Amino acid sequence: MEETLKETPADSAAEGRKTISLRGPIAVKDLAGLLGIKPFQMVHHLMELNIFPTLTQLLDEDVAKKVSARMGFEIQTERKERHGPPPPAPKVVEEPPPAPEVTPDLQLRSPVVAFLGHVDHGKTTLLDAIRHTRVAAGEAGGITQHIGAYTIHHGGKSITFIDTPGHEAFTAMRARGASITDIVVLVVAADDGAMPQTIEAIDHARAANVPIIVAINKIDAPGANPLRVKTQLQERGLAPEEFGGETIFCEVSALKGKGIDHLLEMILLQAEVLELRALFDGPAVGRVIEAQMETGRGPTASILVQKGTLRPGDVVLCGPYWGRVRALINDLGKTVREAGPSTPVKVTGLSGLPSPGEELLVESDERRVRQIAEERLALLKRPRQEVGPKVTLENLFAAIAEGQRKTLHLVLKADTQGSIEALVGQLEKIPSKKVELSVIHSAAGPVTESDILLAKASEGIVIGFNVKTDSSAAAAAKREGVQIKLFSVIYELVDQVRDAMAGLLEPELRETVLGTALVKKVFELNKFSVAGVLVQSGRMVRKAQARVLRGKQPIYDGSIQTLKRFQDEAPEVRAGLECGMRLGNFDDYEPNDIIQCYQLERVPQSL
């Protein structure tokens, strides 16, 4: 190896030593000449360091420094320039101080409350008593046929109520991504108790992760037994506070107005615990509660504002429709000038009827809003392609690879309540510490459209045991991309669920070493370096990964760019053969480096 030597006559200011500058290893006799001593004297000094060299033997930098220090010399090493002059040291640029975070001015907002419960348990009548109006009297047969939102004031504070035709609409809006409800009031008749739709409402509220307040209605009716209702709901996980639980229970009478104030106070108390806040300034964002075509007004949409302030004249985008707000009408039928968070208003001026759950946005660029609406509308008019189920028992392995959570949600329907208990018991026995099995709803009876909507909102699967599927449920499942699996043998059901849970686990990445190679020589080409290697064990594979080890320390890990035997590309080179290798953008090869070739395999995990 050629050495480049030069002597620097400058003395070290700190220690008064002479400084010698050298580049790379140096022969014994050459170092003796630099230090101004005879070669045999240099050999003598090295022997005192337990080194017995010849005159032409090369000394590495550490040994040269030790022996020069004995002579009063200091060595400065210079690196060999392989690709021209060394790059300039990177400039240290001080990062500018972080800009002070602008905390949005979030203010307390009114809670949004939804009434859920069984048919004819008095949901709308209770809301009627709260509003002091006759809502139910205007409905056909006394049953709510539409979704409405109303605001009441109690104790100087506001509460917004959403009256729904049951939990189906509640879940349908959540399936569209509209989580607008803060608190669910579960209405249960004291003379009827917990009914199937009551249980479904509990499961739907829990799936939405919304706190529940129970209102026991009709306490003055003949045969009323509030204690029985509390016991039934405690078995469903809603333990009253008087029983040591955390669920608020209120006994009310919608017809006589008993307990209404207490219920409102409990709602406001729950809202204080939740600390509901929103941004009041800026452009409004809201959700569609319902939409209808009105004579003289055209398309109108009931909007619940979630943040910002909505005003007449705002340009809004709502699904595939747009428009300029002509008027805002509150729940009392009066025109208002603005609507803030948690305020329901009827909006006129849209170009069409949006679907419930659609998001309404206020934009300043009218041309851009019109263009987006037209593109969305054109997309809707195209023939819809068949879309397979989004989550199935078979594709859960691929779903988890895309980053979904490791929870398998099930909606379970069976022919009898006894079958439900047996199925839940068998499913709970599936051992797993890595995957959670969540039965979000279980009931006896056929698969209904409500089950499909709940599975859609929770990204779950509907499992049926000895039951049929309603025609409306089958159509909804195809439309929403929800899988229905029907079984008649319990062991087949449990086995498929177990396999699905195993499919939720992320596969383990296992490394397999294919071979090792020793760098014998480095070839400097015009643009890059190539390592000439001898394959010591295994094989070098062109499509595998490789890492460079220097002194047992990895200094590079990446892909194999080139693998050649003589002048030809080789898919692999086996042990005992020599080849040329180039790894990614790595060029700093040195003789005696070890190149380790390996591949990563995805191995499925077990529960």
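## Cysteines

A search of the whole structure, which is a predicted model, turns up zero disulfides. Cysteine 579 shows the spacing involved: its sulfur lies 10.0 Å from the closest cysteine sulfur, which belongs to cysteine 597. That is too far for a bond, because a disulfide requires the two sulfur atoms to be within 2.5 Å.

Cysteine 579 has a relative accessibility of 8% and therefore counts as buried. Cysteine 318, at 0%, also counts as buried. The cut-off for buried is under 20% relative accessible area.

## A four-stranded parallel sheet

Four strands make up an open sheet with parallel pairing, in the order S22-S21-S23-S24. The edges are held by strand S22 (436–444) and strand S24 (484–487). Each of these two has a single partner strand, so one side of each is left without a neighbour in the sheet. From one strand to the next, the twist averages 25°.

Strand S21 covers residues 407–414 and pairs with S22 over eight bridges, in the parallel sense. Within this part of the sheet, alanine 414 stands opposite alanine 444 of S22. Strands of a sheet pair through backbone hydrogen bonds, either parallel or antiparallel.

## The helix across the sheet

Helix H11, made of residues 417–428, lies across S21, S22 and strand S23 (461–465). The helix runs at about 155° to S21.

Where does leucine 55 lie? Its place is the loop between helix H2 (39–48) and strand S4 (58–59). With a relative accessibility of 40%, leucine 55 counts as partly exposed, because that class falls between the 20% limit for buried and the 50% limit for exposed.

Which residues is leucine 55 in contact with, leaving aside its neighbours within four places in sequence? They are Ala27, Val28, Lys29, Pro39 and Val43.

## Confidence of the prediction

The pLDDT of the protein chain averages 78, and 80% of the residues score at least 70.

Terms used: Residues are numbered from 1 along each chain as its sequence is written. This is a predicted model: local features need pLDDT of at least 70, side-chain atom pairs count only at pLDDT 80 or more; totals for chains, interfaces and linings use all residues. Side-chain values use heavy atoms; hydrogens and water are left out. Two strands pair if DSSP finds at least two bridges between them. Axes are lines fitted to C-alpha atoms, for helices over the stretch in contact, and angles run from 0 to 180 degrees between N-to-C directions. Contact means heavy atoms within 4.5 Å. Buried means under 20% relative accessible area, exposed over 50%, partly exposed in between (1.4 Å probe, protein chains only). pLDDT is the predictor's confidence in each residue, from 0 to 100.
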